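Q: Please take me through this structure one feature at a time. Tell me how to read each feature in general, then show me the case here.

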Amino acid sequence: MEDSIFRKDGTAQGVAKQRMIESLAQPDKRVIFDPIAEHFVLGASIIKIMGHKLSVWITKKFTPGFHEHLMARTRFIDDLVEKTVAEEAEQYVILGAGYDSRGHRLKLNSTIKIFEVDQNEVQNIKRSKLPANLTETEHITYVSIDFNTQSLSEQLIAAGFDKTKATIFTLEGVSQYITKDAIKSTLQEIGELRINSDTTFFMSYVDKRLKDAPKDCFGEGYRNAEKKAKTVQYLSAKVGEPWISLYSHEDIKELLDEFGFTLTENKCLKDLNSVYFEPLGRKLPENEIFNLEHFAVAVKKQS
């Protein structure tokens, strides 16, 4: 690979923090539940004291809709993985896994084999923070990779990946940080990891209108939309993870078509607001909709 699809812990801890905050809500009011997230978060004890409502309120003061956007993304992937595994997938590959906890918290078939792929350094940090009392972890295989010298497909096969089995791959919250050539390289390698088997691929991506028409990435009436767009990008760059690759819907479709995938879904918070938040009495008003990132699902059927 020309560039790493595997990041260090910068933004991963921030996302884990939002999962932890959501998990503090009452069971009938939360979108997701992740009891493991707190183990990855600095200051978790303070957040627990603050509770869900105050923590979400503070996040809202910074950027309305930011928390809900991340929770919608998390839940969307959760639902996709559970559905795909229930229907056909026998393998689940988490690319740039970071502090992902789906292998532990989702209700998946006991026969599923999960491969968490990331840099060795990141995996060591994660595994050192996981609670010691976790059970049923034998279905998870950690696949370490040095992107400068090793092939994704070769490392997965060496770890026991079976090309003949239906597989779902997820690439969450990564594409904006890496080159478009790195995404192409990843899709090419995924294509080499199948023999007469179906592949489902998820990736999130940042809307390229963020650069040229930032107001289009927010709901009608969102306050200081252009300023918020610049602030989010600035803060990401400040922690060493600048956004370098943005896409349009057409870009994503063409990219997936190039490698034989068919785009089946492309969602954002605006689409999922009524699905996940309205039933809980937490539907966001239009002026708090945060649509910077989209969630794309594609499939490649056996030929």
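Q: Is N196 buried or exposed?
A: Burial is read from relative accessible area: under 20% is buried, over 50% is exposed, and anything in between is partly exposed, using a 1.4 Å probe and protein chains only. N196 has a relative accessible area of 52%, so N196 is exposed.

Q: What should I know about the model before going on?
A: The model is predicted, so local features need pLDDT of at least 70 and side-chain atom pairs count only at pLDDT 80 or more, while totals for chains, interfaces and linings use all residues. Residues are numbered from 1 along each chain as its sequence is written, and side-chain values use heavy atoms, with hydrogens and water left out.

Q: Where does N196 lie?
A: Helices (H or I, at least four residues) and strands (E, at least two) are DSSP runs numbered from the N terminus. N196 sits in the loop between α7 (180-191) and β5. Its phi is near 50°, a positive value in a residue other than glycine.

Q: What is the phi of N224, and where is the place of that residue?
A: N224 has a positive phi of about 55°, although it is not a glycine. It belongs to the loop between α8 (209-212) and α9 (225-238). With 48% relative accessibility, N224 counts as partly exposed.

Q: What is the order of the strands in the sheet?
A: Strands of a sheet pair through backbone hydrogen bonds, either parallel or antiparallel. Two strands are taken as paired if DSSP finds at least two bridges between them. Here an open sheet of 7 strands runs in the order β3-β2-β1-β4-β5-β7-β6, with mixed pairing. β3 (140-144) and β6 (262-267) are the edge strands, each pairing on one side only. From one strand to the next, the twist averages 20°.

Q: In what sense do β1 and β2 pair?
A: β1 (residues 91-95) and β2 (residues 113-118) pair in the parallel sense, over 5 bridges. L95 has V117 as its bridge partner in β2.

Q: How many bridges join β5 to β7, and how many join β6 to β7?
A: β5 and β7 run antiparallel and are joined by 8 bridges. F202 stands opposite V297 in β7. β6 and β7 also run antiparallel, joined by 5 bridges. In β7, F295 is the bridge partner of K267. As for burial, 7 of the 8 residues of β7 are buried, so this strand is mostly covered.

Q: Which strands does helix α10 touch?
A: Contact means heavy atoms within 4.5 Å. Helix α10 (residues 249-258) packs on the sheet and touches β5, β6 and β7. Angles run from 0 to 180 degrees between N-to-C directions, and axes are lines fitted to C-alpha atoms, for helices over the stretch in contact. The direction of α10 makes about 150° with that of β6.

Q: At what angle do α7 and α10 pack?
A: The two helices pack at about 40°, with their axes 10 Å apart. A crossing is left-handed if the near helix is turned anticlockwise from the far one by less than a right angle, and right-handed if clockwise. The crossing of α7 and α10 is right-handed. In α7, I183, K184 and L187 meet L255, L256 and E258 of α10. Ala, Val, Leu, Ile, Met, Phe, Trp, Tyr, Cys and Pro count as nonpolar; Asp, Glu, Lys and Arg as charged; the others, Gly among them, as polar. By these classes, the contact has 4 nonpolar, no polar and 2 charged residues.

Q: Is H67 buried or exposed?
A: H67, in helix α3, has a relative accessible area of 1% and is therefore buried. Beyond its neighbours within four places in sequence, its contacts include Q18, H52 and R282. A polar contact is a pair of N or O atoms within 3.5 Å; within protein, one must be able to donate a hydrogen and the other to accept it, and residues adjacent in sequence count only if both atoms are side-chain atoms. The side chains of H67 and Q18 make such a contact, at 2.7 Å.

Q: Which residues does A72 touch?
A: A72 also lies in helix α3. Not counting residues up to four places away in sequence, A72 touches L269, L272, Y276, F277 and F295. A72 and Y276 are 204 residues apart in sequence and 7.1 Å apart in space, C-alpha to C-alpha. The relative accessible area of A72 is 0%, so A72 is buried.
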